[in-house]
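Dear colleague,

Please find below the sequence and the structure for your review. My notes on the structure follow directly after it.

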Amino acid sequence: MKSSKYITIFMWSILSILSAQRHGGGYGGAGGCEIYGTIVDSSTTLPIEYASISLINRENELITGGVTSSDGKFHIKEIQPGKYLVKIEFMGFKTVSIEDVKLNYRGNPKKDLGQIGIASAALEINAITVIDDRPIFEFETDKLIYNSSDDIIADSGTAEDVLNKVPMVVVDQDGEVTLRGNPNVKILVNGRPNRTGEGGNDVDNIPASLIDKVEVITSPSAKYDPDGMAGIINIVLKKGKYEGLNGSIKINGKHNTYASVGEMNGFTTYGNYKGEKWNLYSSLSLNNRQRNMNGYRRVDTEYDSTEVLPKIIESIHYDFTNESDRVGYSVKFGADYSITDQLIVNGEVNYNVHLRNGVNVQNNTKPDISSRITKDNDLDDNYNLEGFFEINKSFDNPDRELIFSASSNFKKDNGYKILQQDSTFLEQDISERELDFSYKHPLNENSKLEFGYDGKFTDNNEIMNFEHTKDFDIFSGENTFGYKRNLHGLFFELDYKLNDKFSIKPSIRYEYVYKNISFNSTILESADFSIIYADILYEMNDSVFVSDYHTYYPNLHFAYNITEKQSLQFGMSKRVNRPGEGGHGPGSRQIRPFPRDVYSENFIFMGNPFLKPEYSTQYELSFKSPIPMGFAYVNAYYHQLEDVIEWYDDDRYDNADVLTFRNAASGENFGIEFFTMIMGQTLGGGYSLSKLDDPTGDYELNGNSQHFRLYNRINLPEKYIKYFDFEFGFFYMKMTVPGGDLFGAKGTMWANTGISKSFMDDRFSVSLGINNLFDAGGFQMKREKQLYPSEDGDPDTIDTFENGYIFANELTDVSTSRHGRTFTINIKYHFGKMQEEKSKGSRGMGQNDGGGMDMGF
């Protein structure tokens with residue numbers, strides 16, 4: 001991608017945000033009329049600073065406007081004569097519209113609107129609940145919230161598309177989720193571990209239309225599971241809460257170079273019925289996708305031996321193409337029953353199936369020219385079944401609450417690979433159970449105590465039967481892998497408000513972990529030919545690894561309210577990255593000692609069952625403040641790391657590239673993030689520096705990495721451009737690592753755009769979008785490193801490689817791309833009482849009041 005394209009888009013985004021700011025008391029065209037007044041909170045009569053005032057003409061065009069000062073006053077000058085609608089808006093408050101404000105030179109050039117009170121959006125008027133659109137982004141004390149259900153363009157696709165719109169969160173073209181540039185993030189669904197895909201961070205199986213909101217917690221307290229070094233992303237699915245029958249029906253389709261609507265489509269229906277005692281809810285989702293990935297991997301190793309031997313280069317080069325059809329469907333049934341007004345029981349059952357049938361083509365060009373075609377298919381009897389039960393007891397005091405929940409999940413994941421006459425069969429059963437209890441109790445009006453227990457019990461069993469034939473020689477056998485883990489956690493948390501300005505929240509968590517890892521490889525038939533898979537299995541010793549340990553996780557959080565809407569927050573917490581939890585991809589593969597891909601001849605991945613847990617002590621300082629016509633958030637952080645889990649390029653094997661994991665002794669992370677929203681337009685980004693230090697001096701476990709990112713979102717509601725909602729967003733990223741860079745020397749950028757239109761009082765909506773607008777590539781890596789021969793133990797001899805050389809330099813060049821530019825269509829229909837109330841509100845106060853321009857915190 002040419003640099004001029006980056007500059008053009010960046011300037012477009014910056015100018016769009018800057019053009020939304022109102023300078024001084026007002027903005028707009030020249031004229032001789034004026035309006036002025038004071039905006040106050042209707043419940044307290046306190047003045048409201050930064051409230052926006054808009055003047056709209058008869059053609060529904062925005063003519064001019066302004067913002068209020070610290071005393072709530074506004075004064076807009078140089079207005080052309082005419083009749084206007086004056087609209088007053090502020091974050092978290094209902095919009096007020098004043099119609100038929102007449103201005104003319106003769107009789108009324110200046111208009112005093114007096115004191116105008118605006119009410120909180122949560123108020124009820126005349127016993128009729130006012131249902132208003134939520135702001136797209138909200139900030140709470142310990143989390144950022146993205147309300148995706150109010151974003152029609154994000155509603156097409158999967159959770160990957162939704163997460164890409166959340167500040168600080170990125171899903172790259174390979175589907176890897178990162179938070180502030182760190183892939184070690186804990187992803188939850190409805191507060192429970194994500195179980196929808198192959199690993200804990202695979203979210204491509206969650207339809208976007210079922211997502212209500214996304215919560216991002218970068219500095220969790222001790223009440224949360226400490227797993228996830230970068231923090232927690234909680235995907236909250238829809239659950240009806242409005243009286244009567246409500247629901248929606250959605251269909252969507254996609255088209256790109258590789259497939260069209262016939263292969264990539266989806267259908268989702270959701271509904272709930274709420275009565276006096278019961279709230280019943282259910283959803284059905286069908287999803288067809290096609291994933292296409294292509295690229296290359298080139299590894300060149302240059303050997304040198306001063307002047308004794310001539311330089312030589314050994315190369316491993318291949319191109320690849322992976323195509324897979326993915327079919328999924330999910331069914332959910334749930335119910336809330338109010339035994340009393342303060343005692344609610346919830347039960348939920350989730351059943352989903354996700355099947356993949358793929359073809360992988362690898363063309364080797366060096367050292368030899370060859371080709372292999374592998375089929376990789378799931379068996380039709382795979383499924384995932386989860387049951388959940390919860391009791392919620394509230395009390396007259398809203399700060400007092402008791403919650404007990406239990407869940408059980410079973411997943412069957414069987415499949416097979418075929419290479420010509422050879423086949424490999426895999427059977428995997430995963431059982432997970434959870435118990436949670438928490439109790440909050442107010443000590444007095446300024447403090448409350450919360451304590452609780454959570455237990456997590458995992459049992460994962462795998463059996464792999466493989467065979468590999470070459471020139472009538474057969475290499476075959478059976479690998480078994482077992483992973484059992486029991487985790488018990490206790491937490492205590494005190495929330496103490498010293499005064500209106502300052503509050504403190506100390507907490508501590510204790511955990512006991514027991515784990516049992518077993519692996520066994522039985523070779524049934526050995527062959528004379530050499531393959532990398534056989535070399536690994538012959539080196540592997542059958543083993544049972546049992547470990548148990550205790551850990552304390554202290555946490556401390558401060559909050560200081562500079563003003564009612566402006567605050568400083570400080571957090572100190574201890575986090576962990578447990579091996580096998582999915583922090584660097586699918587969980588079990590991180591600790592499974594044998595590879596699953598039997599047929600790869602020169603590049604293979606294997607786990608490390610002896611990884612230690614990685615610990616991090618984290619310090620964070622954040623500042624939140626309103627700014628003219630919007631909001632700003634800045635976060636700075638520093639992390640001290642111990643036993644850092646890192647990708648590791650194992651160079652022990654000749655003519656093969658083996659990737660695994662190792663622990664580095666220690667490390668540090670420094671970073672800063674910012675996020676602004678001005679008139680509904682967002683701009684954010686961040687920079688982070690990571691350092692690794694290991695006393696072995698191993699190149700792979702030492703060095704610095706840098707990560708720079710910038711993102712922007714332009715959102716123009718229909719009320720401003722008359723015909724439809726418009727959205728454009730981009731994400732730019734540049735990463736440097738020891739010896740090279742990721743995603744290109746100049747970085748890479750992905751962009752999405754779309755339009756949407758609502759009909760029938762917002763019941764029916766259609767959106768069209770383009771994902772990966774510039775057809776940008778996916779993962780890229782260019783990296784150079786020194787290789788060192790193994791020591792022979794003799795201090796009087798010079799260590800050499802097996803080929804007799806002393807020095808070696810390895811250059812790796814990797815590039816992958818996925819999907820390419822994709823066109824999307826999304827059609828949605830809402831029904832029920834909730835939609836009727838929203839439609840009434842729109843007709844009574846002006847269509848889409850608040851819209852995407854509002855922001856609550």
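**Notes on the model**

D650 is found in strand 35 (residues 630-650), where strands (E, at least two residues) and helices (H or I, at least four residues) are DSSP runs numbered from the N terminus. With a relative accessible area of 3%, D650 counts as buried; buried means under 20%, exposed over 50%, and partly exposed in between, with a 1.4 Å probe and protein chains only. Leaving aside neighbours within four places in sequence, D650 is in contact (heavy atoms within 4.5 Å) with M606, V658, T660 and R662.

This is a predicted model, in which local features need pLDDT of at least 70 and side-chain atom pairs count only at pLDDT 80 or more, while totals for chains, interfaces and linings use all residues. Residues are numbered from 1 along each chain as its sequence is written, and side-chain values use heavy atoms, with hydrogens and water left out.

**The chain as a whole**

The chain contains five helices and 45 strands. Of its 857 residues, 51% are buried. Among contacts with a separation of 6 or more, 68% are between residues 24 or more positions apart. The chain exposes about 38000 Å², of which carbon and sulfur atoms supply 55%; accessible areas come from the Shrake-Rupley method with a 1.4 Å probe, and for residues only the protein chains shown count as cover.

Helix 3 (residues 532-539) has I532, Y533, A534, I536 and L537 as its buried residues. These residues pack against strand 28 (447-470), strand 29 (473-497), strand 30 (502-525), strand 33 and strand 36 (657-678).

**Salt bridges**

The structure holds 22 salt bridges, each defined as a side-chain nitrogen of Lys or Arg within 4 Å of a carboxyl oxygen of Asp or Glu. In one of them, R578 is paired with D225, with the closest N and O atoms 3.0 Å apart. R578 lies in the loop between strand 32 (567-577) and strand 33 (603-605), and D225 in the loop between strand 16 (211-217) and strand 17 (232-237), so the pair ties together parts that are 353 residues apart in sequence. R578 counts as buried because its relative accessibility is 3%, and D225 is likewise buried, at 12%.

A further salt bridge joins D597 and R372, at 3.8 Å from N to O. This pair also links distant parts of the chain: D597 is in the loop between strand 32 and strand 33, R372 is in strand 23 (residues 370-378), and the two are 225 residues apart. D597 is partly exposed, at 26% relative accessibility, whereas R372 is buried, at 10%.

D454 and K456 form a salt bridge as well, at 3.4 Å from N to O, and both residues are buried. Through salt bridges that share partners, D225, D454, K456, R509, E511 and R578 belong to one network.

**Aromatic rings**

The model has 26 aromatic pairs. Rings of Phe, Tyr and Trp (its six-membered ring) pair if their centres lie within 6.5 Å; planes under 30 degrees apart count as stacked, over 60 as edge-to-face and the rest as tilted. F437 and F451 form a tilted pair, 6.5 Å centre to centre with 55° between the planes. F437 lies in strand 27 (residues 422-444) and F451 in strand 28, so the pair ties together parts that are 14 residues apart in sequence. F437 is partly exposed, at 30% relative accessible area, and F451 is partly exposed at 30%. The rings of Y510 and Y552 have centres 5.2 Å apart and planes at 50°, so this pair is tilted. F437, Y439, F451 and F492 form one aromatic cluster.

Charged side chains also sit over rings, a term that requires NZ of Lys or CZ of Arg within 6 Å of the ring centre and within 35 degrees of the ring normal. The charged end of R400 is 3.8 Å from the centre of the F395 ring, and K223 lies over the face of Y224, at 5.9 Å from the ring centre.

Yours sincerely
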